[in-house]
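Student: I have a structure open and would like to learn how to read its features. Could you walk me through them?

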Amino acid sequence: MAQHDYINKKPANRKKAKSAPAKKPFPILLVLIVTLLVAGFAYGLWFIKNNADPELVEKQANPVPTTPVEVVVPRTPAFIKEIRNHKIQVEVKELEKKGPYVMQCGSFRTYPQAESLKAKIAFAGLISEIKETTGSSGIWYKVRLGPYKTKRQAESDKNKLKRVKIVGCGIWGWT
């Protein structure tokens, strides 16, 4: 970048006086258009007032009350009267109650894993148990809840567990 000598630099000639801005001409065309529009509007109002039909003006000023329209109520068919008095007989079957239900939320190879799930379920406000079973592939620790009298109670607890991110629980008949 080039070096500038600001100390020895002479000030620019500032004697030029700024001239006043030029005056804008009076907007004759705009005034003429506005005047024509206002005059046209006034003439339109005067024309409507003087050329109105006197009969229509009288009708609008004093409206004639209309006669009420008679509403015809349809008669009800005969079969509707028969249906109202008809009695329906329905056979009600007894629902057989299925046995108690149990909900299993996990099956683990180690006891600490089962204990961890049991603790998470306890934080959800439910009581679970760990059942040790021996299968063909070794010892399994199952985390179960229940027994429940109805499947609806088991589903309610399953939904509580889903809200705390414990999913994969299955509901079975208790044997």
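Tutor: Happy to! Let's start with a definition: a residue is buried under 20% relative accessible area, exposed over 50% and partly exposed in between, using a 1.4 Å probe and protein chains only. By that reading Cys169 is buried, with a relative accessible area of 6%. This is a predicted model, where local features need pLDDT of at least 70, side-chain atom pairs count only at pLDDT 80 or more, and totals for chains, interfaces and linings use all residues. Residues are numbered from 1 along each chain as its sequence is written, and side-chain values use heavy atoms, leaving out hydrogens and water.

Student: How many disulfides does a search of the whole structure find?

Tutor: A disulfide is a covalent bond between the sulfur atoms of two cysteines; the cut-off here is a pair of cysteine sulfur atoms within 2.5 Å. The search finds 1: Cys105 and Cys169, with sulfur atoms 2.1 Å apart. Cys105 lies in strand 1 and Cys169 in the loop between helix 5 (151–163) and strand 4, 64 residues apart, so distant parts of the chain are linked. Helices (H or I, at least four residues) and strands (E, at least two) are DSSP runs, numbered from the N terminus. The link is right-handed, with 110° about the S-S bond.

Student: Is strand 1 largely enclosed or open?

Tutor: Largely enclosed by the rest of the structure, because 6 of its 8 residues (101–108) are buried.

Student: Which strands pair with strand 1?

Tutor: Pairing needs at least two DSSP bridges between two strands. Strand 1 pairs in the antiparallel sense with strand 3 (residues 138–148) over 6 bridges, and with strand 4 (residues 170–173) over 4 bridges, also antiparallel.
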